[in-house]
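I opened this notebook to look up how the two chains meet, and I begin with the structure itself.

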Protein chains: 2
Amino acid sequence: MKVKDTLTYLKAHDIKPSAQRLAIMNYLLTHSNHPTVEVIYQALSTKMPTLSRTTVYNTLKLFVGHGASLSLTIDDQQQSFDGDTSLHAHFLCTRCGKIYDLPMDDSFKNQLGKTVEGHIVTELHQYYKGVCATCIKNEIKSLK
Amino acid sequence: MKVKDTLTYLKAHDIKPSAQRLAIMNYLLTHSNHPTVEVIYQALSTKMPTLSRTTVYNTLKLFVGHGASLSLTIDDQQQSFDGDTSLHAHFLCTRCGKIYDLPMDDSFKNQLGKTVEGHIVTELHQYYKGVCATCIKNEIKSLK
DNA sequence: AAACAACTTTGTAATGGTTACAATGTTGGA
DNA sequence: TCCAACATTGTAACCATTACAAAGTTGTTT
Ligand SMILES: [Mn+2]
Ligand SMILES: [Mn+2]
Ligand SMILES: [Zn+2]
Ligand SMILES: [Zn+2]
């Protein structure tokens with residue numbers, strides 16, 4: 001992912017570019033780690049020392065408002081963000097805290113934009129919780 | 001729902017009863033409003049003036065740990081709770097903040113306890129967001 | 001180029017939900 | 001009754017998020 005592409009992506013979502021917005025959007029588009037504000041701030045503040053946490057908060061809120069990124073509330077402690085705005089599900093490992101992408105059920109997907117029991121559906125979220133493959137492997141190793 | 005039933009319910013989940021636990025569990029079992037800690041505290045503190053917010057927090061955490069209630073993270077500001085632990089989906093109205101119950105997709109339900117892409121699934125959540133039927137009606141009224 | 005208005009970023013302070021903790025109260029068995 | 005384990009309470013601390021005002025940036029007009 002080039003900076004040029006990120007610029008195009010921002011413009012496509014009616015977001016006026018700035019150095020900070022490009023950096024944050026570029027981070028989201030090149031990392032599939034579903035980062036928190038703090039993770040993004042730590043990752044970027046080395047290259048951009050004047051960056052403020054408030055800017056990260058404001059910018060992410062702007063992105064979400066313009067449909068350029070998703071806000072996940074799967075963890076009750078911290079909000080996390082996703083540069084992949086396609087309809088997909090998430091798996092939260094309760095051991096290591098990592099969030100994985102999973103496909104979303106088609107029957108659920110189909111309800112976007114429809115009416116369900118009189119309510120208009122504008123957003124869909126599907127969350128799995130459990131123990132991830134990596135943590136299962138580590139668990140088995142430690143038993144040997 | 002009688003207090004006797006609530007007592008039975010707590011015992012069935014290996015929770016030692018107390019006046020506070022009975023009151024909170026009884027509130028959850030007789031209200032389908034997906035209350036926050038504050039809502040429960042306000043509702044019960046009139047009848048039980050010494051009740052502490054901390055007790056509500058501790059007790060709900062205990063309930064969730066014993067599978068006697070569910071914790072919902074659909075709203076990013078406040079945790080809400082559900083005395084109905086059956087598998088079902090939730091609809092959050094972004095206008096009025098109410099949370100409604102909806103059926104959960106069967107294909108999604110079936111994945112509980114299974115392994116998905118190597119991850120063990122122990123919990124499932126399906127969230128809809130949008131505008132509820134009541135808010136739609138009010139919107140229409142105000143246009144006339 | 002200077003002036004200006006609109007917009008953006010920044011740092012700090014405030015907010016508010018949640019948790020930690022120590023003191024107090026309660027319960028049930030020896 | 002005594003005692004130990006457990007539960008509740010109120011306060012303080014914590015920490016993610018938001019509010020706010022000052023400082024910086026950008027693009028436009030003259
Ligand atoms: Mn994702
Ligand atoms: Mn429910
Ligand atoms: Zn894991
Ligand atoms: Zn509504």
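This is a predicted model: local features need pLDDT of at least 70, side-chain atom pairs count only at pLDDT 80 or more; totals for chains, interfaces and linings use all residues.

**The interface between the chains**

I looked up the area buried between chain B and chain A and found about 2700 Å², with carbon and sulfur atoms giving 58% of it; buried area is the accessible area (1.4 Å probe) that two parts lose on being put together, summed over both.

Residues are numbered from 1 along each chain as its sequence is written, chains are lettered from A and ligands numbered from 1 in the order in which they are written, and side-chain values use heavy atoms, with hydrogens and water left out.

I then looked up contacts (heavy atoms within 4.5 Å) and found 32 residues of chain B touching 32 residues of chain A. For polar contacts, I recorded 17 residue pairs between the chains, both residues at pLDDT 80 or more; such a contact is a pair of N or O atoms within 3.5 Å, where within protein one must be able to donate a hydrogen and the other to accept it, and residues adjacent in sequence count only if both atoms are side-chain atoms.

Turning to strands (DSSP runs of E, at least two residues, numbered from the N terminus), I saw that S6(B) supplies 13 residues, the largest share of the side of chain B that touches chain A. Strand S6 (residues 119-131) of chain A pairs with S6(B) in the antiparallel sense over 11 bridges, where pairing requires that DSSP finds at least two bridges between two strands. Within S6(B), I noted B:Glu123 as the bridge partner of A:Lys129.

Methods: Helices (H or I, at least four residues) and strands (E, at least two) are DSSP runs, numbered from the N terminus.
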